[in-house]
Amino acid sequence: YLGADIKTGYPTFAYPIVRLDGALISQTPAICQYALSKAGFQPKCIIKQAQSLQVALTAADTWAEFYAQYKDDKEPTDEFIKTRIYKFFKTLEAQLKQNNDGKGFYFDDKPSVADVFVYD
């Protein structure tokens, strides 16, 4: 549990941590999902909300693996990009094409946490 200034509220593990509507929320995907939901930018269907978070976490995993490879080897190998990163991108593209054949957003007709994470 981090920081003397945040000792009241829901336990958190790591930064970033924000206080929203009197509650503590940590982890970038959770913060983004909250903010986008509050602003009306999440799918209305609860299944699509879960799938939107799934896409966002897949994008986060993609960048985490790429960064880990970059950090360890100084530069990702062609083999790593062709095998591992390509699979992530292929999945992200297939998910995008589920909505309007990939023309627009991941879900419905407005951005969601999926779009924010993939764009980032």
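I began with Gln-42, which at 7% relative accessibility counts as buried, because the cut-off for that word is under 20%. I note here that the model is predicted, so every value below is computed from it.

I then looked up where Gln-42 sits, and found it in the loop that joins α1 (28–38) to α2 (46–73). A polar atom of the Gln-42 side chain lies 3.2 Å from the backbone nitrogen of Val-113. Leaving aside residues up to four places away in sequence, I listed what Gln-42 touches: Gln-33, Leu-36, Ser-37 and Ser-52, together with Lys-110, Pro-111, Ser-112 and Val-113.

Next I turned to the largest pocket, for which I noted a volume of about 160 Å³. Its lining consists of Lys-48, Gln-51, Gln-54, Val-55, Gln-95, Gln-98, Asn-99, Tyr-106, Phe-107 and Asp-108.

From the lining I picked out Asn-99, which is placed in the loop between α3 (78–96) and α4 (113–119). Is Asn-99 buried or exposed? I recorded Asn-99 as buried, because its relative accessible area is 18% and the limit is under 20%.

I followed the side chain of Asn-99 to the backbone oxygen of Phe-105, which it reaches at 2.8 Å.

Notes. Residues numbered from 1 in each chain as written. Predicted model: local features only at pLDDT ≥ 70, side-chain atom pairs only at ≥ 80, totals over all residues. Heavy atoms only, no water. Helix = DSSP H or I, 4+ residues; strand = E, 2+ residues; numbered from the N terminus. Buried < 20%, exposed > 50% of the residue type's maximum accessible area, 1.4 Å probe, protein only. Polar contact = N/O pair within 3.5 Å; in protein donor to acceptor, adjacent residues only side chain to side chain. Contact = heavy atoms within 4.5 Å. 1 Å grid on protein atoms, 1.4 Å probe; cavity = no way out; pocket = protein on both sides within 12 Å on 5 of 7 lines; lining within 4 Å. Points joined across faces, edges and corners; volume = space filled by probe spheres on them.
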